[in-house]
Amino acid sequence: PEHYEIKDSSGVTVSSVVPGGEYVVDGDPLLTAEMFVRGVADTIPRVMAVVKPGVLLITRNNSIGSCVVLYVDKAKDPWEVYVITAYHVVGCMEGQGEIMVQYDKRKRSVDYIHSEQKHDIALLKFQVQQSEPPPTVVGRATGCERGESLYVLGYSKEEQTPYHTGVVSTGKQSDVEQSTTALINSGVYGGATVGWDCLLRGVNVSSECGIEGVHHFVSVAFVNELLSLLKGQAKIPFW
């Protein structure tokens, strides 16, 4: 849109964008041309409005992270809310302090369902009374592709951070784990990596690559496969 000032990565104002270029739009972080041509002015507020309520703060002792709402079982009373997070945020659930999720300004205890320590993810659930506001579920995509532009949402300390932007840069371990160039902080671990359509592309996990500015997330394709397996084992009511 003409009323947005666009600058390239060196700070020079430009009147057009080219594929593969990186730009600053009215002071926002570096954005790819793909994000801009898809309507970045509309996409960012939409992503924040749609996804942000479904990314919750999770704590254990002094550890702080994020979790993503995947499903609300409204057949139960109270409702059961299923969330996914990074395993290293919540640990093994035994002897390390109570794990709490903050929802509707209240901290609530969680129950452990399943974890995949190798890939640093854990599935948990907590309860919400039917008289309370229903939690927001983050929709899931089927996967993501290298070069796709993403938004990263999560918590830092006890305040939700602004979105971060990045691009899918690599895949490894049969694309179970992928990488993004998003500049995120540790509090975002367990948070959501989503696309321009507001659908989940992955769950942010701990990175061992040691490369500054590159962070790993577990692909939503792997999450979907795991949920299907757990549904088949009758551990969860959805997939």
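S149 sits in strand 12, a stretch that covers residues 149–153. Keep in mind that this is a predicted model. With a relative accessible area of 3%, S149 is buried. One of the residues to look at alongside S149 is G195: the two are 46 residues apart in sequence, yet 6.6 Å apart in space, going from C-alpha to C-alpha.

Now for the charged side chains. Side chains of opposite charge can pair when their charged atoms come close. How many salt bridges does the structure hold? There are 6 salt bridges, including these:

| Pair | N to O distance |
|---|---|
| K125 and E80 | 3.4 Å |
| R106 and E132 | 3.4 Å |
| D197 and R201 | 2.9 Å |

Let's start with K125 and E80, whose side chains meet in a salt bridge. K125 belongs to strand 11 (residues 121–128) and E80 to strand 7 (residues 79–86), so this pair ties together parts that are 45 residues apart in sequence. E80 counts as buried, at 10% relative accessibility.

Next up is the salt bridge between R106 and E132. R106 lies in strand 9 (residues 106–109), while E132 is in the loop between strand 11 and strand 12, so the pair ties together parts that are 26 residues apart in sequence. Are the two partners buried or exposed? R106 is partly exposed, with a relative accessible area of 45%, whereas E132 counts as buried at 10%.

That leaves D197 and R201, whose side chains also meet in a salt bridge. D197 counts as partly exposed at 29% relative accessibility, but R201, at 5%, counts as buried.

Technical notes
Residues numbered from 1 in each chain as written. Predicted model: local features only at pLDDT ≥ 70, side-chain atom pairs only at ≥ 80, totals over all residues. Heavy atoms only, no water. Helix = DSSP H or I, 4+ residues; strand = E, 2+ residues; numbered from the N terminus. Buried < 20%, exposed > 50% of the residue type's maximum accessible area, 1.4 Å probe, protein only. Salt bridge = Lys/Arg side-chain N within 4 Å of Asp/Glu carboxyl O.
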